[in-house]
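Visitor: Please take me through this model feature by feature, with the general idea before each case.

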Amino acid sequence: MIKMVGDYPGIFISEMARNFNVTRAVVAKTVNKLVEHELIHKEECENDKKRLCLYLTEKGKKAYELHQEYHKEFDRPLFSYLDGLNDSELKLIQEFLKHANQLIANHF
């Protein structure tokens, strides 16, 4: 959730719920914990006073940056591997992942 708020400052809880495919209550509960830990803060939306926009605090921005650095470092081997594949190999992987996602979707 920190990543999503960092990627989309001002995002609403309902938008996050749609993106994660969970209820607003689930997102709200987690957001409240992140607020308690001073990672996120809520602000009234200028256009709609009933809605709250979510933003990272300074502590949240630091967590977001560290998360980005972590993925840059530890995802590098995967991206290096993929860069070394030819178009045919990439297409095969893409088809496999497409079918795997469909199987996963059928289980939920």
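Guide: Asn21 is placed in the loop between H2 and H3, where helices (H or I, at least four residues) and strands (E, at least two) are DSSP runs numbered from the N terminus. The model is predicted, so local features need pLDDT of at least 70 and side-chain atom pairs count only at pLDDT 80 or more, while totals for chains, interfaces and linings use all residues. Residues are numbered from 1 along each chain as its sequence is written, and side-chain values use heavy atoms, with hydrogens and water left out.

Visitor: Is Asn21 buried or exposed?

Guide: The general idea is a set of cut-offs: buried means under 20% relative accessible area, exposed over 50%, and partly exposed in between, with a 1.4 Å probe and protein chains only. Asn21 has a relative accessible area of 70%, and therefore is exposed.

Visitor: What is phi of Asn21 near?

Guide: Phi of Asn21 is near 60 degrees, which is a positive value in a residue other than glycine. Glu38 is another case: its phi is positive, about 60 degrees, although Glu38 is not a glycine. Glu38 is placed in the loop between H3 and strand E1 (40-44). With a relative accessible area of 54%, Glu38 is exposed.

Visitor: At what angle do helix H2 and helix H3 pack?

Guide: For such pairs, axes are lines fitted to C-alpha atoms, for helices over the stretch in contact, and angles run from 0 to 180 degrees between N-to-C directions. Helix H2 (residues 13-20) and helix H3 (residues 24-36) pack at about 115 degrees, and their axes are 8 Å apart. H2 is therefore roughly perpendicular to H3; angles under 35 degrees count as roughly parallel, over 145 as roughly antiparallel, 65 to 115 as roughly perpendicular and the rest as oblique.

Visitor: Is the crossing of H2 and H3 left-handed or right-handed?

Guide: A crossing is left-handed if the near helix is turned anticlockwise from the far one by less than a right angle, and right-handed if clockwise. The crossing of H2 and H3 is right-handed.

Visitor: Which residues in H2 and H3 meet?

Guide: Contact means heavy atoms within 4.5 Å. From H2, Ile13, Ser14, Met16 and Ala17 meet Arg24, Val27, Ala28 and Val31 of H3. Take Ser14, which is found in helix H2. Its relative accessibility is 16%, so Ser14 counts as buried. Ser14 is in contact with Arg24 and Arg51, leaving aside neighbours within four places in sequence.

Visitor: Where is Thr57 found?

Guide: Thr57 is found in the loop between strand E2 (52-56) and helix H4 (58-83). At 16% relative accessibility, Thr57 counts as buried. Not counting residues up to four places away in sequence, Thr57 touches Glu38, Leu39, Ile40 and His41.

Visitor: With which residues is Tyr64 in contact?

Guide: Tyr64 lies in helix H4. Apart from neighbours within four places in sequence, Tyr64 is in contact with Ile2, Lys3, Gly6, Asp7 and Leu56. Tyr64 has a relative accessible area of 17% and is therefore buried. Gln68 is also found in helix H4, and at 29% relative accessibility Gln68 counts as partly exposed.

Visitor: How many residues has helix H5, and what does it reach from its first C-alpha to its last?

Guide: The expected span of a helix is 1.5 Å times one less than its number of residues. Helix H5 (residues 87-107) has 21 residues and reaches 31 Å, close to the expected 30 Å. The number of buried residues in H5 is zero, so the helix lies largely in the open. Phe96 is found in helix H5, and counts as exposed at 57% relative accessibility.

Visitor: What does a side-chain oxygen of Asn86 reach to at the start of H5?

Guide: A polar contact is a pair of N or O atoms within 3.5 Å; within protein, one must be able to donate a hydrogen and the other to accept it, and residues adjacent in sequence count only if both atoms are side-chain atoms. Here the side-chain oxygen of Asn86 comes to within 3.0 Å of the backbone nitrogen of Ser88.
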